[in-house]
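Dear colleague,

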Amino acid sequence: PLPPPPPGVEERSSRGIRTVLERSRRLSIKLYERETLGEDTAMEAAAKWGMQLSPQQCGVLCALHAWRDRVCRAEDESGGYVLPK
């Protein structure tokens with residue numbers, strides 16, 4: 001059997017555990033919201049991939065990104081799994 005802990009150790013450990021649990025609770029109730037792909041962001045992404053998009057193509061890219069995000073959330077999957085590059 002282990003000897004009893006020194007006085008005050010259990011109280012400090014208990015306080016530390018309560019602090020960690022409270023921080024965890026606060027973090028777990030936050031909703032992660034990914035930035036939506038707007039026209040400007042879509043153009044930036046296309047430029048990064050070496051592409052130039054017409055306004056119509058940009059609209060399609062935004063709609064495709066929104067669809068992928070909805071499917072990812074519904075299926076609890078990553079974007080790379082639902083629609084890889």
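On one side of H2, Asp40, Glu44, Ala47 and Lys48 are exposed. Please bear in mind throughout that this is a predicted model. The buried residues of H2 are Ala42, Ala45 and Ala46. These three lie on the same side of the helix, because the arc they cover around the axis is only 100°. The partner against which the buried residues of H2 pack is H3. Just after H2, Gly50 adopts a positive phi of about 75°.

**The nonpolar core**

Which residues make up the largest nonpolar core? There are 7 of them, namely Leu37, Ala42, Ala46, Leu53, Cys58, Leu61 and Cys62. Helix H2 (39–48) and helix H3 (55–75) are the elements that contribute two or more residues to this core. The most comes from H3, which gives 3 residues.

**Salt bridges**

How many salt bridges does a search of the whole structure find? The search returns 3.

In one of the salt bridges, the side chains of Glu22 and Arg25 meet at 2.8 Å, N to O. Glu22 and Arg25 are 3 residues apart in helix H1, so about one helical turn separates them. Glu22 also forms a salt bridge with Arg26, where the closest N and O atoms are 3.1 Å apart. Here the residues are 4 apart in helix H1, and about one helical turn again lies between Arg26 and Glu22. Glu22 counts as partly exposed at 29% relative accessibility. Arg25 is partly exposed as well, with a relative accessible area of 43%, and for Arg26, also partly exposed, the value is 48%.

In helix H3, Asp69 and Arg73 are 4 residues apart, which means that they are separated by about one helical turn. Their side chains meet in a salt bridge of 3.4 Å, N to O. Asp69 is partly exposed at 21% relative accessibility, and Arg73 is partly exposed at 44%. Through salt bridges that share partners, Glu22, Arg25 and Arg26 are joined into one network.

**Nonpolar residues at the surface**

Where is a nonpolar patch formed by Leu64, Trp67 and Leu83? The patch is on the surface, and its three residues together have about 250 Å² of accessible area. Leu83 is located in the segment after helix H4 (79–82). With a relative accessible area of 32%, Leu83 is partly exposed; this value meets the requirement for patch residues, which is over 30%.

Val20 and Leu31 are 11 residues apart along the chain, and 19 Å separates their C-alpha atoms.

With kind regards

Technical notes
Residues are numbered from 1 along each chain as its sequence is written. This is a predicted model: local features need pLDDT of at least 70, side-chain atom pairs count only at pLDDT 80 or more; totals for chains, interfaces and linings use all residues. Side-chain values use heavy atoms; hydrogens and water are left out. Patches are made of residues with over 30% relative accessible area and no salt bridge: like charges are joined within 9 Å, nonpolar side chains (Val, Leu, Ile, Met, Phe, Trp, Tyr) within 5 Å. Accessible areas come from the Shrake-Rupley method with a 1.4 Å probe; for residues, only the protein chains shown count as cover. A salt bridge is a side-chain nitrogen of Lys or Arg within 4 Å of a carboxyl oxygen of Asp or Glu. Buried means under 20% relative accessible area, exposed over 50%, partly exposed in between (1.4 Å probe, protein chains only). A nonpolar core is a set of buried Ala, Val, Leu, Ile, Met, Phe, Trp, Tyr and Cys residues joined through side-chain atoms within 4.5 Å. The arc is that of the directions from the helix axis to the C-beta atoms. Contact means heavy atoms within 4.5 Å.
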